[in-house]
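Here's a quick tour for someone meeting this protein for the first time.

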Amino acid sequence: MRRLSLLGLLLGLVVLVLPAAARAGELDHRSVGVPLTPPPSLDVPPPGFKTTGRQAIAIADAQPQVRKLRAAHHDARVEVAVFAGWRWEVDVMEGSHSLAVVDIGYDGRLLHTWTGVAANSYMARGHFNPTFDRPWVWLVFGVLFLVPFVDPRRWRRMLHLDLLVLSSFGISYALFETVRSNAAVLAVYPPLVYLLVRMLIVGLRPRPRHGRLVPLLPTVVLAVGVIALCGARVALNVTSDRVMDIGYSSVVGADRIAHKQELYVDNDTHGDTYGPVNYLAYIPFELAFPWVGEGAKVPAAHAATVAFDLLTIAALLLLGMRLRAGPEGRRLGLALAWAWAAFPFTLLGVMENTNDGLVALLIVGSLLVFGRPLARGAMLGLAVAAKFSPGGLLLLYLRGRDGDGRQSALAVAAGCLGVAAFSLLVYMPAGGLHELWACTMGYQLSRPPDWSLWAISTNIGWTQTALEALSVLLAVAVAVIPGRRTIVEVSALAAAVLIALQLPAGHWFYFYLMWCTPLIFVALFAAYLPPAAAAGAEDHERDGDDVVALPPRLALAS
């Protein structure tokens with residue numbers, strides 16, 4: 001009953017903060033499509049311009065970086081377009097890959113020349129989120145993320161290194177923000193690879209940890225801290241002037257469903273590239289704060305982002321209480337909630353109003369109901385029908401935990417495939433599966449690399465294909481390799497699969513960390529034994545017993 005009351009309180013908090021988040025709709029927005037239009041003529045200046053398209057091309061060709069690239073890439077072609085009606089954009093292209101982009105003012109003044117990753121990604125051109133980039137935001141949250149878990153008596157404990165590696169994505173972001181985009185991309189892969197290997201070790205060779213997960217902070221401080229972090233995240237969402245295209249398009253899709261319009265329409269903007277559950281989840285917020293047309297404000301995106309975030313924090317708190325009984329369960333839940341609320345890159349997703357928090361919420365929800373196979377499958381099906389990639393977890397979820405048999409696997413399959421298939425069939429476009437594929441997975445798989453290793457170099461595409469094959473093999477392997485499976489091992493292996501699927505992505509961004517970080521936190525934190533079990537484990541070790549059983553509640557997690 002206490003847990004239901006706690007959930008009711010947190011849901012009430014969501015309702016209270018939605019109007020505040022909605023007021024952020026008075027701030028700036030992003031359109032779904034890039035505002036590029038071809039000029040009617042290369043020889044006549046567009047309205048308001050003093051230069052022609054041909055003159056803009058000549059200015060671009062005169063730049064040293066462009067001359068060097070065109071000399072090295074003989075098949076490169078030049079395209080020119082008007083950006084948002086006020087400047088020229090000249091693209092030096094090889095196939096679908098941008099080698100260089102030159103921005104030229106309406107009066108012919110050179111504004112900037114972009115190469116490497118910055119040529120392929122508008123996001124990689126600095127000043128991404130002016131509020132998040134302030135030291136008092138990212139530095140304070142980064143320190144708070146580490147503080148509860150630092151044990152001054154055990155400096156060499158593995159958790160310190162794990163959390164420092166998670167924090168090290170900040171190095172990449174600092175490079176990204178200072179427009180050293182190629183270096184920023186390269187700096188992403190070492191922590192991703194470390195976390196992949198670490199999660200595989202935790203999942204395949206489980207080892208209970210001794211010592212307190214949160215060594216110094218009392219429970220009341222954890223609780224007050226989580227509440228304060230929630231308030232800070234809501235305030236920063238409200239004050240942020242950013243709604244990413246993915247949040248904007250989610251609201252537009254919800255509006256289309258609410259007005260009984262076709263959801264999937266194959267076009268150049270690809271705002272409809274997600275699964276129908278993503279757009280359905282935004283409907284309550286779009287109804288409360290309607291989208292009124294292109295160029296309008298999108299308060300519904302702010303409201304949805306805040307709601308998904310607070311519900312994820314509530315779900316993590318309940319998950320900790322589900323994994324352990326009594327005070328230790330509350331401390332575990334608060335630790336999970338704190339880690340999510342303080343991690344700077346979950347905050348970035350909240351401040352940018354993306355839809356990635358919905359994926360995190362559904363994945364945590366699947367852990368909450370993991371002991372009920374049909375519900376487990378249905379929750380995974382919702383995640384798959386939101387953003388597709390969680391489908392890589394299906395085989396792992398079919399395997400389940402120790403004791404889950406064939407009947408359980410059938411129930412998981414029925415729940416997942418039934419929910420995903422039903423939602424897709426309901427919103428099948430007039431063009432059928434072909435058009436649905438072209439709008440969603442077909443577009444995502446065929447889009448040119450813009451923020452990855454393969455956006456830096458165009459001649460290593462075979463490595464991307466190899467990594468894609470390895471990620472599929474890993475998703476199969478973790479489901480069939482024998483070994484003990486509790487919720488700790490399942491969470492670790494699920495995180496490993498999601499990271500493996502992200503590694504070969506041609507378009508990766510920091511938001512994707514929101515998908516796997518809840519699983520990483522569960523895998524790392526729940527492995528720490530409560531004091532009574534840890535004392536028993538030490539007795540076993542003194543008696544020469546190398547096998548330490550997890551507490552029954554943790555092993556069941558139902």
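On the surface, Leu 204, Leu 395, Val 472, Val 476, Val 480 and Ile 481 make up a nonpolar patch with about 460 Å² of accessible area together. To join such a patch, nonpolar side chains must lie within 5 Å, on residues with over 30% relative accessible area and no salt bridge. Helix α22 (residues 461-480) gives the patch its largest share, 3 residues.

This is a predicted model, where local features need pLDDT of at least 70 and side-chain atom pairs 80 or more, while totals for chains, interfaces and linings use all residues. Numbering starts from 1 along each chain as its sequence is written, and side-chain values use heavy atoms, without hydrogens or water.

Here are two residues side by side (buried means under 20% relative accessible area, exposed over 50%):

| Residue | Relative accessibility | Counts as |
|---|---|---|
| Val 480 | 58% | exposed |
| Asn 120 | 16% | buried |

Val 480 sits in helix α22, and Asn 120 in helix α4 (residues 117-120). What does the side chain of Asn 120 reach? That would be the backbone oxygen of Gly 116, at 3.2 Å.

Key
Helices (H or I, at least four residues) and strands (E, at least two) are DSSP runs, numbered from the N terminus. Buried means under 20% relative accessible area, exposed over 50%, partly exposed in between (1.4 Å probe, protein chains only). A polar contact is a pair of N or O atoms within 3.5 Å; within protein, one must be able to donate a hydrogen and the other to accept it, and residues adjacent in sequence count only if both atoms are side-chain atoms. Patches are made of residues with over 30% relative accessible area and no salt bridge: like charges are joined within 9 Å, nonpolar side chains (Val, Leu, Ile, Met, Phe, Trp, Tyr) within 5 Å. Accessible areas come from the Shrake-Rupley method with a 1.4 Å probe; for residues, only the protein chains shown count as cover. A salt bridge is a side-chain nitrogen of Lys or Arg within 4 Å of a carboxyl oxygen of Asp or Glu.
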